[in-house]
Amino acid sequence: MLTRTLMTIGVSCCVLAIGSSARAGWDYRHGAFSGQYIIYGDEPSATAARIPTPGDTKIAFSIRGRAARDLFDAIGPAPREMSRGEERCEGNPKIRVRRLDTIFCRHYAKDGYWCTFGFDLSTGLSTWGKAGDAGCD
């Protein structure tokens with residue numbers, strides 16, 4: 001009985017130590033980022049975008065740097081059946097791409113991390129975003 005109690009206390013202490021050390025490696029912080037945005041109607045491309053109208057107003061964000069890397073890492077590769085994962089661009093296999101629903105991120109050693117996402121301001125739902133860059137170009 002005493003042995004079982006001591007083992008239970010020992011295991012509990014180990015679990016608490018592991019939990020507190022895992023939390024110690026993460027800081028709750030708001031990070032600064034740089035990026036671009038565009039408010040538009042219709043589709044987020046230079047050829048299809050139109051003047052926003054009531055019922056058709058969207059915003060697209062494009063971010064780079066540390067925030068884009070953090071988002072790229074947070075998405076992480078996952079099984080295809082989850083509509084999520086990492087791919088390589090067909091035209092340039094050095095470009096790594098990660099997608100999660102309407103969030104698109106890429107990494108290319110030549111120009112770093114870049115992510116794009118957007119929101120439909122008429123509904124509040126997420127939508128594709130693209131502001132000033134191309135995915136696999």
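**Close-up views of a predicted model**

**View A. Salt bridge between Arg50 and Asp42.** In this predicted model, Arg50 and Asp42 form a salt bridge, with 3.8 Å between the closest N and O atoms. Arg50 counts as exposed because its relative accessibility is 52%, and the cut-off for that class is over 50%. Asp42, with a relative accessible area of 28%, is partly exposed. The structure holds six salt bridges.

View B. Asp73 and Arg69 are joined through their side chains by a salt bridge of 3.7 Å, N to O. Both residues belong to helix α2 (residues 66-75); they are four residues apart, so about one helical turn separates them. Asp73 is partly exposed at 42% relative accessibility, and Arg69 is partly exposed with a relative accessible area of 42%.

**View C. Salt bridge between Asp111 and Arg106.** The side chains of Asp111 and Arg106 meet at 2.7 Å, N to O, in a salt bridge. Arg106 is buried, its relative accessible area being 3%, whereas Asp111 is partly exposed at 33%.

**View D. The largest pocket.** The volume of the largest pocket is about 240 Å³. Its lining consists of Trp26, Asp27, Arg29, Gly31, Ala32, Arg66, Ala67, Asp70 and Leu71. Of these lining residues, four are nonpolar, one is polar and four are charged.

**View E. A nonpolar surface patch.** Tyr37, Ile39, Phe119 and Leu121 make up a nonpolar patch on the surface, and together they have about 410 Å² of accessible area. Leu121 sits in the loop between β6 (112-120) and β7 (126-127). With 48% relative accessibility, Leu121 counts as partly exposed.

Note on methods:
Residues are numbered from 1 along each chain as its sequence is written. This is a predicted model: local features need pLDDT of at least 70, side-chain atom pairs count only at pLDDT 80 or more; totals for chains, interfaces and linings use all residues. Side-chain values use heavy atoms; hydrogens and water are left out. On a 1 Å grid over the protein atoms alone, a cavity is a set of points where a 1.4 Å probe fits but cannot get out, and a pocket is an open set with protein on both sides within 12 Å along at least five of seven lines; lining residues have an atom within 4 Å of a point. Grid points are joined across faces, edges and corners, and a volume is the space filled by probe spheres set on the points. Ala, Val, Leu, Ile, Met, Phe, Trp, Tyr, Cys and Pro count as nonpolar, Asp, Glu, Lys and Arg as charged, and the others, Gly among them, as polar. Patches are made of residues with over 30% relative accessible area and no salt bridge: like charges are joined within 9 Å, nonpolar side chains (Val, Leu, Ile, Met, Phe, Trp, Tyr) within 5 Å. Accessible areas come from the Shrake-Rupley method with a 1.4 Å probe; for residues, only the protein chains shown count as cover. A salt bridge is a side-chain nitrogen of Lys or Arg within 4 Å of a carboxyl oxygen of Asp or Glu. Helices (H or I, at least four residues) and strands (E, at least two) are DSSP runs, numbered from the N terminus. Buried means under 20% relative accessible area, exposed over 50%, partly exposed in between (1.4 Å probe, protein chains only).
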